[in-house]
Amino acid sequence: MPIALGIETSCDDTCVSLVNERGQVLFNGAQNQDLLHDRYGGIVPELAGRNHSLYLLPLIEKALKIVSVNQIDVIGVTNRPGLLGSLLVGYVTAQTLGMTWNKPVIGVNHIEGHILSPFLWSKEKITEKQTLSNPSKISAEKPLISQAGKRSVISPEDSGTQILYPLLALIVSGGHSHLFYMKGEEEVFLLGCTLDDSAGEALDKLARLLELPFPGGPQIERQARGVLLPEKRFFSRINTKGLAFSFSGIKSAARRLIESHSPEWLKENQERLCAEYQQVIVSHLMEKLDLAFQLYPCRQVVIGGGVIANGLLRDSLKKWAFEKKVEWAVPQPSYCTDNAAMIAFAGIRQFLRGKIHLSACSPRHLEKDFFSRQILPS
Ligand code: KG4
Ligand code: ZN
C-alpha cells in the first residue's frame, strides 16, 4: 500500500510522519519549541527556523527505522502558508531527499492538511465515537479515495472516519479561523474567515496577559475547567456580519479589564475570566458554523486545527451535530495541533489523484490555488 513521508515545519513545531493511503499513521514524530518561545511570549520566527534545522533530520532518521526508503512512494511537505524561514527548512530538506531517493515531492497547503486531520487514524483504539453513525458500520465496499483512480477499499475494522461530501470545514488554529464548503476534494470554497485575529491568537493573548505559559489555549481551558458562569458577564457576545469571524474586540476588552483591576482582583477572578472568554469564543465559532450550515447544507461537518483540542468546542460541536442530525468529525487529540501526518495524508491523496507539483514556498495567508474565494449560491 502506498506510503507517504510527511514533513511539516510551517511554524514552530518540527514534525515528521509516515501515513499510508488509507490515512493510517505509521509514525508520528514531533519536536515542539514551546519552552523556547515561551520566554519571549510568542513565536520568534528566526529561532523557529534555526531549530527546525536541528530537529528535522533526527526525526527523519527515526521514521526510517519504521519503514525503509524503498517503501516510501512520495514525500509531502508543507509549502504554504507559514513563516518563510521555517517553511524553507522543510521544503529544501524534502526536495533534497526527493532528488537523492528519486521520489516525487508534493507541496501541501497547511490548511488542507488540517481539513484532512479528522480522517487520520492509528492502531490505537479510537476512544471517541467520531460520527453519528458508528465507524464500524462503514461499508467495506466504499472507496475512501473516490477520485484516486485506484479504488482503495477500507475495511470496517481498520478504518477511521469516512469523508462525506459536501462537507463544511472549520479550521481554527493559531494562524487561521476559516470556514470552507467542499463539494469534493478539488472543489473547495472559502465561505468566511477572520477580519482580524484568529481564535487561537485570542486565547494565546489572554494567557499572555495573565502570564500563563505559551501556547495559551490549553492553559485557558485548564483555568476554565469546572467554573460555573454567572448571569452577569465580563464579555459580551461577538457580533459580526455574515460568516466573518472577529476576535480583536474580545482581546482588547480582556486587556482593558485586566489593566483596570488590581492583581488581587485578578487572582480572585482569573478562572472566571478564562471561562467566560473561552465561552464567548466557542459560541462565536459555533454561531457561524450554524449559519454556514443553514446557508450551505452538507452531509458532514469537520473541525480541524489546534483549537479543536478544546473540550468545550468539541462538546459544543457534538451537541449541535446531534441536534442537526449531521455527521461530524474531529481529529484525535494528537492530530489537532500541527503535525506531519495530515501533510503526508494530503500529499499521498494528491499523488494518487495524479497531481504532482511543488511550487515554491509561499508565506501568504490565503492561497487561491487551494480554494476558490467564490461564494457559492445558496
Ligand atoms: O494548529 P496549531 O498547532 O498551529 C497553527 O497552525 O496555528 O494551533 C495552535 C493553536 C494555539 O493558538 C493554541 O493556543 C491552540 O491552538 N490550542 C488550543 C488548545 N490546544 C491548542 N486552544 C484551545 N484549547 C486547547 N486545548
Ligand atoms: Zn496549523
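Q: Which helices each supply at least two residues of the shell around ligand 1, and which helix gives the most?
A: In this predicted model, helix 4 (110–116), helix 5 and helix 6 (216–224) each supply at least two residues of the shell around ligand 1. Four residues come from one of these helices, and that is the most given to the shell. The helix in question is helix 6.

Q: Into which classes do the residues of the shell around ligand 1 divide, and how many are polar?
A: There are 20 residues around ligand 1, and among them Gly174, Asp204, Gly217, Glu221 and Asp338 come nearest. By class, the shell has five nonpolar and three charged residues. The number of polar residues is 12.

Q: Which residue has a backbone N or O atom 2.9 Å from an oxygen atom of ligand 1, and what share of the ligand does the protein bury?
A: The side chain of His114 has an N or O atom 3.2 Å from an oxygen atom of ligand 1. For a polar backbone atom of Gly200, the distance to an oxygen atom of the ligand is 3.3 Å. The backbone atom at 2.9 Å belongs to Gly217. Ligand 1 taken alone exposes 550 Å², and the share of that buried by the protein is 90%.

Q: How is helix 5 oriented to helix 7, roughly parallel or roughly antiparallel?
A: Helix 5 (residues 199–209) packs with helix 7 (residues 248–259), and their axes are 10 Å apart. The angle between them is about 10°. Because angles under 35 degrees count as roughly parallel, helix 5 is to helix 7 roughly parallel.

Q: Which residues of helix 7 meet helix 5, and how many charged residues does the contact have?
A: On the helix 5 side, the residues are Ala202, Lys205, Leu206 and Leu209. They meet Lys251, Ala254, Arg255 and Ile258 of helix 7. The contact has five nonpolar and no polar residues, and its charged residues number three.

Q: How is helix 5 oriented to helix 8, roughly parallel or roughly antiparallel?
A: Helix 5 and helix 8 (residues 263–295) have axes 11 Å apart and pack at an angle of about 175°. Because angles over 145 degrees count as roughly antiparallel, the arrangement of helix 5 to helix 8 is roughly antiparallel.

Q: Which residues make the contact of helix 5 with helix 8, and how many of them are nonpolar?
A: Helix 5 contributes Ala199, Ala202, Leu203 and Leu206. From helix 8 come Leu273, Cys274, Tyr277, Ile281 and Leu285. No polar and no charged residues take part, and the nonpolar residues number nine.

Q: Where does Pro81 lie, and what is the form of the peptide bond from Arg80 to Pro81?
A: Pro81 is in the loop between strand 4 (74–80) and helix 3 (84–101). Omega of the bond from Arg80 to Pro81 is near -25°, and the bond is cis.

Q: What is omega for the peptide bond that joins Tyr165 and Pro166?
A: Pro166 sits in the loop between helix 4 and strand 6 (167–172). The bond joining Tyr165 and Pro166 is cis, with omega about 0°.

Q: In which loop is Glu211, and what is its phi?
A: The loop that holds Glu211 runs between helix 5 and helix 6. Glu211 is a residue other than glycine with a positive phi, near 60°.

Note on methods:
Residues are numbered from 1 along each chain as its sequence is written. Chains are lettered from A and ligands numbered from 1 in the order in which they are written. This is a predicted model: local features need pLDDT of at least 70, side-chain atom pairs count only at pLDDT 80 or more; totals for chains, interfaces and linings use all residues. Side-chain values use heavy atoms; hydrogens and water are left out. Axes are lines fitted to C-alpha atoms, for helices over the stretch in contact, and angles run from 0 to 180 degrees between N-to-C directions. Angles under 35 degrees count as roughly parallel, over 145 as roughly antiparallel, 65 to 115 as roughly perpendicular and the rest as oblique. Contact means heavy atoms within 4.5 Å. Ala, Val, Leu, Ile, Met, Phe, Trp, Tyr, Cys and Pro count as nonpolar, Asp, Glu, Lys and Arg as charged, and the others, Gly among them, as polar. A residue is near a molecule or strand if one of its heavy atoms lies within 4 Å of it. A polar contact is a pair of N or O atoms within 3.5 Å; within protein, one must be able to donate a hydrogen and the other to accept it, and residues adjacent in sequence count only if both atoms are side-chain atoms. Accessible areas come from the Shrake-Rupley method with a 1.4 Å probe; for residues, only the protein chains shown count as cover.
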